[in-house]
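Have a look at the fold below, then read on.

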Amino acid sequence: MASDVLLALGVVLAFVFGWNNSSFLIGNGEGSGSLTLREALIVSSVGLLLGVALEGSQMLRSLSGSVTPVAGDQIVLVALVVSLSMTIVLSTLKLPVSFSMAIVGAFAGAAFGSSLPLDGVRLEDIVAFWFLSPILAAVLAYAFYRVIVRSASRLSLLAVDGASRYGVILTTLIIAYVLGANNIGLIYGMTLNGSPASQTFPLLLVLVAIVGMVALGRGGISGTIGDRLLGLSPFGVVATFLSSAVLIWTGTQLAIPISISQCLLGGMFGAALTKQTSAINTRLATESIAMWVVVPVGAFVLGFLFVQI
């Protein structure tokens, strides 16, 4: 019965994932003018499916069996409920929230409240990666943008238009791939919690995430950042996507849950700096950075309190 509840919560969380990241997965490609809504949805869906199918297994023991010994279903249940609740509430309020950060915080809090030993080194590695990822994303995006623009300067206007369109298509596919492997792989690993692996359940999670994107479209915190922080050209989108993809893929290889909003924010600033962009919503940027602390700490406290109850 407990395992069935975990699987059900995983499905709900996948739906919320699709909603929360809908603008990033489909809105930025569409907003850049390079893709129609249908094209962006198709490309993102293919990327998510490939990411989960090929590399989602990397995240199976990213928390249970890594941060702690194999956790009981109660701890995983608390982590899923807390992270799901925080993601829904904060996204509805248009506040920056990373469900991967919420899951890690809630899981660690529930494990600590259950007197389960925590691997401090592993947690330090995760937090350090969170701290470094937006900085590295900004540096990479800055470098990628300069290389892309320098290369495009040698092309005709028609060729530049084609290159920007196909660049957005390719990078949208790549970012969906790594996001599927890392974030949906994390959901799969949490809900599985040591049970025998399934061939079909990860694909079900992807399909539910796609339904979330279609049903609620262009919502969530990715939309908040993408629409209100600053605007980027198609080449800026490509540079931001590439830098984010590199960081998320690296996190997946290390089985570290990584926040796409962190990489996105850092990458957007890096690409914007090449044009000396000044039209930046500093309030939203400050709010986003503050929530990177508030969300995992708040989830830890809630996870600890819930498991005590």
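Are Y188 and F201 buried or exposed? Y188 is buried and F201 is too, where buried means under 20% relative accessible area, exposed over 50% and partly exposed in between (1.4 Å probe, protein chains only).

A word on what you're looking at: this is a predicted model, so local features need pLDDT of at least 70, side-chain atom pairs count only at pLDDT 80 or more, and totals for chains, interfaces and linings use all residues. Residues are numbered from 1 along each chain as its sequence is written, and side-chain values use heavy atoms, with hydrogens and water left out.

**Overall picture**

The protein has 12 helices and 0 strands, with helices (H or I, at least four residues) and strands (E, at least two) taken as DSSP runs numbered from the N terminus. Of its 309 residues, 54% are buried. Contact means heavy atoms within 4.5 Å; among contacts with a separation of 6 or more, 89% join residues 24 or more positions apart.

**Two helices**

The expected span is 1.5 Å times one less than the number of residues.

| Helix | Residues | Length | End-to-end C-alpha distance | Expected span |
|---|---|---|---|---|
| α5 | 99–113 | 15 residues | 21 Å | 21 Å |

Helix α5 is mostly covered, with 14 of its 15 residues buried. Buried residues in α4 include I75, V76, L80 and M86.

**The core**

A nonpolar core is a set of buried Ala, Val, Leu, Ile, Met, Phe, Trp, Tyr and Cys residues joined through side-chain atoms within 4.5 Å. The largest one has 72 residues, and L48, L63, F107 and M190 have the most contacts inside it. Helix α7 (residues 157–192) gives the most to this core, with 11 residues. Beyond its neighbours within four places in sequence, L63 is in contact with residues including I103, F107, L186 and M190.

**Ring pairs**

There are 4 aromatic pairs: Phe, Tyr and Trp rings (the six-membered ring for Trp) pair if their centres lie within 6.5 Å, and planes under 30 degrees apart count as stacked, over 60 as edge-to-face and the rest as tilted. F112 and F304 form a tilted pair, 5.9 Å centre to centre with 35° between the planes. F112 sits in α5 and F304 in α12 (residues 282–308), so the pair ties together parts 192 residues apart in sequence. F112 is partly exposed at 49% relative accessibility, and F304 is partly exposed at 28%. Ring pairs also link F112, F300 and F304 into a cluster.
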